[in-house]
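Let's take a look around this structure together. Have it open beside you as you read.

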Amino acid sequence: MINKTEKEDKAKNPATEKTADEIFKEFREISISEFFRKNRTQLGYSGKARNLTTIIHELVTNALDACEECEIFPEIEAKIERQDNEHYKFFCNDNAYGIPKEHIGDVFGKMLAGTKFHRNVQMRGQQGLGVSGVTMFCQMTTGKPIKVITKTKVECIEAKIMIDVSANKPIIVEEKNCELNLFTSTGTIIEGECKEAIYINNESGVFEYLRRTAIANPHAKITFTDTDGKNTVFERTGSEILKKPKEIKPHPRGINIDDLIRLSKRENISISSFLIHSLSRVTQDKINELRSMLGNELNFDKKANEMTWQDAEKIINAFKSIKFLAPSSEGLRTIGEENIKRALTAIVNPEILFVITRKPSVHSGGYAFQVECALCYGGNAGRRTSEGKVKSEIMRFANSVPLLFDNGECLITKAIYDIEWKKYEIKDFDNSPVTIFVNVVSTYIPYASAGKQSISYEEEIFKEVKYGLMDAGRNISGYISKKKNAETEKTRLKILKDYAMPCSDAVSILTAGSYDEIYVKFNKVIETKYKDIKNEDEEKEENTDMNKLNNSDNNSNNKSDSNSDNNSDNNSDNNSDNAYNNSNNNSNNS
Ligand SMILES: Nc1ncnc2c1ncn2[C@@H]1O[C@H](COP(=O)(O)OP(=O)(O)OP(=O)(O)O)[C@@H](O)[C@H]1O
Ligand SMILES: [Mg+2]
């Protein structure tokens, strides 16, 4: 018993003190839309420049997901028009399957609604919040609805939608059949207006977002028209259509008790059949192992939906001592080493790059994941500051979606800074010509917030990112030290050549021998010792010949498009032709 002190009694004022009943008169439920209206920063709407990138990110990821579902090459057009100070219009068109009339309202006007959250498949979207968040932001800053024109194989509908925030329900402001012939087959056009935004062409701007989206999605053609009307086409560089995402069952290694119980509630079959049927890599042999471990402690013939917390706990503990095959990579869709190499060569243009794909693994919840990473060094790798200094650059991706914000909180950044780069000949990581590319693919990405811009710490993913980059680091260090040795040898050769004449002169005086003979011998000794090193003049000549050859190749391949001018505006897009040549020269190294 706690004794009331005199002091506590004095602190209470009977005149103003409220009863629990009075306080609980304020108790009420809030809708998810109400929550995000107040906490829009959690959806990524946390700054004028960031707001526009967030809108384009939500629309483009949906378009890419939709194209993948129907297995077509995505053709996406995004456009931003300035209306007034901090006031913009945006557009996004895709060529996917369209949205059926009865679902248009919920897609744009209801939060936590979609076709992805409940499926264990690898898609860019997960939460059912993205596009309704866009509607909400537009509504909050302009009071206007979002406009949609969408064509399915059945019909073409034009609609204007807002959100009834207190009910989290759509308000269909207008809906009619659209007669305009806007699509070659099916697709969706989304148009909206927002305020409290600024279009900036910087590292976290819309242009950079789309540039990185193009790197990670080589199968897509993305066109962007900026506020000056400049048109940039990120052409398709990959030749394969991505296959429809496949469902992956949870893996026994990472699943927890609550997950297992939740899954079992739907199953009216025996526990043993449920485990085989609902989890990946659980076979009859593994059930036999479980049976021998748990003996009489668990009845495996009991109905799965009668499984208790204690039963599930025993199974999960036993799983820890059983060896399971790693998850299959079947449902995980990586970008692919060749695609990453091609895209980074064309867009970053480094001197050398190494791409590493790690084996599939599992993170908590039993979700399969895989990491692919690349390390670019030299050439145009890294960022250039306005003072012309070179800084390292980190490109983070989750399921091929660029993560441009919340860098410091992200598992990928933490893993990168956990590596001792000095060991890999990169003495000052922050100020080195390095571009790091990391893509984490999974059926479930543990994002740090609903804004989906950083991955929260998961030990298994952290390790995979770190090991992948360390692997790439080992390759780079080999390359850098070879290069350094070659440079040292070259300097030595130059010094010896510079001294050949005065030394021959001195030796001829000391020995009374012929200067010419001594000089010839001197040079022979030097040439034999350094026969593999070409002198600078030879090298320059060779490079010029190489460039001529490359340029003629490129000219014949070059398709002229309006894009080239725009790309040259962007720092790292310069010399994309040379990039391919460099990679060809270096291809043995990777
Ligand atoms: N362009 C589109 N074409 C076809 N369907 C779409 C399109 N955009 C959205 N959808 C549908 O609307 C649903 C809701 O989209 P929304 O962006 O709100 O959520 P999500 O993509 O499922 O998840 P997240 O919140 O992570 O983005 C999607 O699940 C998808 O079924
Ligand atoms: Mg989405």
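## A helix to start with

Start at helix α4, which covers residues 48-69. Its 22 residues reach 33 Å from the first C-alpha to the last, close to the 32 Å expected at 1.5 Å a residue (the expected span is 1.5 Å times one less than the number of residues). Helices here are DSSP runs of H or I with at least four residues, strands are runs of E with at least two, and both are numbered from the N terminus.

How many residues of α4 are buried? It's 19 of the 22, so the helix is largely enclosed by the rest of the structure. Buried means under 20% relative accessible area, exposed means over 50%, and partly exposed is in between, using a 1.4 Å probe and protein chains only. After α4 comes E71, with a positive phi near 50°.

## What kind of model this is

This is a predicted model, where local features need pLDDT of at least 70, side-chain atom pairs count only at pLDDT 80 or more, and totals for chains, interfaces and linings use all residues. Residues are numbered from 1 along each chain as its sequence is written, chains are lettered from A and ligands numbered from 1 in the order written, and side-chain values use heavy atoms, leaving out hydrogens and water.

## The whole chain

Zoom out and you'll find 18 helices and 16 strands. The chain has 590 residues, and 46% of them count as buried. Among contacts (heavy atoms within 4.5 Å) between residues at least 6 apart in sequence, 72% join residues at least 24 apart.

## Two helices side by side

Now find α14 (residues 459-511) and α15 (residues 515-529), which pack at about 145° with axes 9 Å apart. Those axes are lines fitted to C-alpha atoms over the stretch in contact, and angles run from 0 to 180 degrees between N-to-C directions.

On the α14 side, the residues in contact include L493, L496 and M501, while α15 brings Y515, F522 and I526, among others. The contact residues divide into 11 nonpolar, 4 polar and 2 charged. Here Ala, Val, Leu, Ile, Met, Phe, Trp, Tyr, Cys and Pro count as nonpolar, Asp, Glu, Lys and Arg as charged, and the others, Gly among them, as polar.

## Two residues up close

S264 sits in helix α8 (residues 257-264). S264 is buried, with a relative accessible area of 0%. Leaving aside residues up to four places away in sequence, S264 touches F274, A304, N305 and M307.

K151, in strand β3 (residues 146-151), is partly exposed at 25%. Its C-alpha is 7.9 Å from that of S185, 34 residues apart along the chain.
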